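Keep the viewer open as you read.

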Amino acid sequence: MIHLDGVSKIYDNGCVALSDITLDIPKGDFVFVVGPSGAGKSTFIKLIFREELPTKGKLIVNGRNVGELEPSEIPYLRRNLGIVFQDYRLLPNKTVYENVAFAMQVIESSRRDIQKRVSHVLDLVGLRHKAKNFPGELSGGEQQRIAIARAIVNNPVVVIADEPTGNLDPETSWDIMRIFERINRNGTTIVMATHDKSVVDAMKKRVIAIEKSCIARDQVRGVYGYED
Amino acid sequence: MKIRTMEYFIKEALTSLKRNGLMSFASVTTVALSLLILGMFLVMVLNLNNMASTLESQVQISVYLQDGLTDLEMREVGTRITKIPGVVQVSFVGKEEAMSRFKERLGEQQGLLNALGEANPLPNAFEVKVDNTERVKAAAQTMMQLKGVENAKFGQEVVEQLFALTKMVRIFGLIIIVFLALAALFIISNTIRITVFARRKEIGIMKYVGATNWFIRWPFLLEGMMLGFGGALVAVLFLNETYGVLIHQVYESLAFLPLIPQYPFITNISVVLLVTGTVIGALGSTISLRRYMRV
């Protein structure tokens, strides 16, 4: 599903963010990306959805060579990806329902599909009863669940999450992780950058540790491995 | 493009217009002003051109005679004129007839002539038609040499002056129009920039969920085009009204001025202005989108 072959990312200012990374994430995997701040986790995530371009090497996501995509092809890559951020990024002047439906509107789905899918994913994150509320009326955990609903509403093959529980208390974080697990069980690949030791240690998923721009560890049923 | 998507674009554009009420108003006003001046220059230049070519088509030389010639002397001048090559028709217009024609042209304002009392300052004259426009100048010069002739005038002089005037108006107009168009472009692109800024979060999310660049651009492009079109519409309405009044006034008091009739003349200019306004609007947003939105 995601394949990196000798991928490096060097920013214009000469800063090396990733150096010669080779790894393979098969379909249906659940991967934690861990490591100290500034080690290259975010760059790794950004490369996958083509926010950044690899400086060197080959990066294949869902069968597309990301490094060689024309700008006009980027949207079609992203339609197969769901992206969740630490800060939720919901639109404050749209209701919960509209926020999720927005992701389908902009790729021109039909009205019927939108109604069906939005209700379905709101059920999945357990917030259908808040459909008419505005994000400002919800707790942080609820807002993140809406963001996840938006990320999966277009049936992506990969969900990418950058510190999705970074702003949440432990109990809420667990609610969020259970939702990700459910999504993963339906066959969706999940790549998550995180600092959440207890979550990583408890879930026993594949852990890729990035340190000093390189892969320091890649364990199948790994642990966080750093002291908080 | 789906109809529902189009609806969405239009709704988004209208929402932005409302949200940036003051900037929208400034944009529309600037465009209206620029296009109004553009329209006025168009009306002026086209009318001057029209006048010039109307005069040019009347290849007629007016030969004014010196005062105090006897009938015999006048008839002799007439005979000599007939012999000039190219002359096809010579007709005599006496002082009295010239005066009565003048009165007719003045229409309601002939009261002005009362100030002259009994005096008639108009000269006796011949009106001479020449077979070919190119011979007019030479023929007029020959006539001027004739004994008893005060002056020989032909339309060409006026025509040349009119053309020179048209040229000047055109150059000045062009400079002013370019400046105003740039100002309109600047204001519109600024308005769109504010919209883009106000909605940068939305744009970011649209990009992440896979909206195509054109899907993101359209509402802004539409907003710019609406601003341009709105401004042009104001200019068109104003110009239409003003030209109507102008034509009315001219027909009443200066009927001899050959103005171009209002329709379809103003309709054509309106189309030009509306298209120009819309294009300026689209250009303005394109500038902003390129600079402030990496899509």
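Helices (H or I, at least four residues) and strands (E, at least two) are DSSP runs, numbered from the N terminus.

Before going further, some ground rules: this is a predicted model, where local features need pLDDT of at least 70 and side-chain atom pairs count only at pLDDT 80 or more, while totals for chains, interfaces and linings use all residues. Residues are numbered from 1 along each chain as its sequence is written, and chains are lettered from A and ligands numbered from 1 in the order in which they are written.

Back to the helix. α6(A) covers residues 170-185, and its 16 residues reach 22 Å from first C-alpha to last, close to the expected 22 Å (1.5 Å times one less than the number of residues). Which of its residues are buried? They are Ser173(A), Ile176(A), Met177(A), Phe180(A) and Ile183(A). Seen down the axis of α6(A), these fall within an arc of 115°, so they line one face of the helix; the arc is that of the directions from the helix axis to the C-beta atoms. The face turned away from them carries the exposed residues Glu171(A), Arg178(A), Arg182(A) and Arg185(A). (Buried is 20 or more other C-beta atoms within 10 Å of a residue's own, exposed is 12 or fewer, and partly exposed is in between, with C-beta atoms placed from the backbone.) After the helix comes Gly187(A), with a positive phi near 105°.

Now for the strand β7(A), where 5 of 5 residues are buried. In a regular strand, side chains alternate between the two faces of the sheet. In β7(A) both faces are covered, with Val158(A), Ile160(A) and Asp162(A) on one side and Val159(A) and Ala161(A) on the other.

β7(A) has parallel neighbours: 5 bridges join it to β6 (residues 81-85) of chain A, and 5 bridges join it to β8(A). (Pairing takes at least two DSSP bridges between two strands.) Gly82(A) stands opposite Val159(A), while Asp162(A) has Ala193(A) as its bridge partner in β8(A).

Put together, β7(A), α6(A) and β8(A) make a right-handed β-α-β unit: with the strands pointing away from the viewer, the path from the first strand over the helix to the second runs clockwise.
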